[in-house]
Amino acid sequence: LSIHSLERELAELKTPPVSVKQDLSLELKTPIGGETLCRGATFVISWKAGSDLEQVRLGLEGNGYGYYIGDYRATYNESGFPNVGEVLWAVGKVGAKGREQYVGDGDLYRIGIETHINGINIERKSKLFSIQTCQG
């Protein structure tokens with residue numbers, strides 16, 4: 001081996017490793033807050049998820065309680081848009097399958113979305129909105 005080839009090999013060994021940046025962004029798009037939603041009506045909960053997120057959990061907070069809505073793939077939707085998640089929610093419906101119930105009327109509800117990856121907890125919440133009984 002020549003000195004020149006040894007210097008080249010040494011230079012290659014000193015090359016810093018390539019770092020891979022993960023896309024862990026999570027943004028709740030709807031509800032935005034301030035809405036009055038009719039209990040039982042269909043409402044689209046939507047979010048934008050980073051490409052490295054796999055699953056999210058949706059919940060409803062209100063009246064001093066936290067309620068489970070469901071676990072979904074981070075990009076669960078029927079529109080085919082990348083990194084977008086959407087769930088058609090029967091407003092006020094909470095609880096695990098087979099034990100669903102509806103929450104009561106109130107003005108202090110918010111949707112929460114969270115995920116866990118590599119020991120990191122990522123959570124976002126909507127601003128407050130109302131759930132009301134609507135007629136007709």
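This is a predicted model: local features need pLDDT of at least 70, side-chain atom pairs count only at pLDDT 80 or more; totals for chains, interfaces and linings use all residues.
Residues are numbered from 1 along each chain as its sequence is written, and side-chain values use heavy atoms, with hydrogens and water left out. The protein holds 1 helix and 11 strands, where helices (H or I, at least four residues) and strands (E, at least two) are DSSP runs numbered from the N terminus.

**Overall make-up**

- Reading from the N terminus, the elements go α-β-β-β-β-β-β-β-β-β-β-β.
- Of the 136 residues in the protein, 32% are buried; buried means under 20% relative accessible area, exposed over 50%, and partly exposed in between, with a 1.4 Å probe and protein chains only.

**The open sheet**

- An open sheet is built from 3 strands in the order S1-S3-S6, with antiparallel pairing; two strands pair if DSSP finds at least two bridges between them.
- Strand S1 (26-30) and strand S6 (84-90) sit at the edges with a single partner strand each, so one side of each has no neighbour in the sheet.
- From one strand to the next, the twist averages 25°, using axes that are lines fitted to C-alpha atoms and angles that run from 0 to 180 degrees between N-to-C directions.
- Strand S3 (residues 42-49) and S6 run antiparallel and are joined by 7 bridges.
- Trp47 has Gly85 in S6 as its bridge partner.

- Gly62 finds its bridge partner in S5 at Tyr65.
- S4 and S5 make a hairpin with 2 residues between them, and Asn63 in the turn has a positive phi of about 55°.

**Aromatic rings**

- The structure has 3 aromatic pairs; rings of Phe, Tyr and Trp (its six-membered ring) pair if their centres lie within 6.5 Å, and planes under 30 degrees apart count as stacked, over 60 as edge-to-face and the rest as tilted.
- Trp47 and Tyr72 have ring centres 6.5 Å apart and planes at 45°, so this pair is tilted.
- Trp47 belongs to strand S3 and Tyr72 to strand S5 (residues 65-73), so the pair ties together parts 25 residues apart in sequence.
- Trp47 and Tyr72 are both buried.
- The rings of Tyr72 and Tyr76 are tilted too, because their centres are 5.6 Å apart and their planes stand at 45°.
- Tyr72 is buried at a relative accessible area of 18%, while Tyr76 is partly exposed at 32%.
- Put together, ring pairs link Trp47, Tyr72 and Tyr76 into a cluster.

**The largest pocket**

- The largest pocket holds about 230 Å³ of space. On a 1 Å grid over the protein atoms alone, a pocket is an open set of points with protein on both sides within 12 Å along at least five of seven lines, and lining residues have an atom within 4 Å of a point.
- Its lining counts 15 residues, with Ile69, Gly70, Tyr72, Lys93 and Gly95 nearest the centre.
- S5, S6 and strand S7 (93-94) each supply at least two lining residues, and S5 gives the most, with 5 residues.
- By type, the lining splits into 9 nonpolar, 2 polar and 4 charged residues; Ala, Val, Leu, Ile, Met, Phe, Trp, Tyr, Cys and Pro count as nonpolar, Asp, Glu, Lys and Arg as charged, and the others, Gly among them, as polar.

Note on methods. On a 1 Å grid over the protein atoms alone, a cavity is a set of points where a 1.4 Å probe fits but cannot get out, and a pocket is an open set with protein on both sides within 12 Å along at least five of seven lines; lining residues have an atom within 4 Å of a point. Grid points are joined across faces, edges and corners, and a volume is the space filled by probe spheres set on the points.
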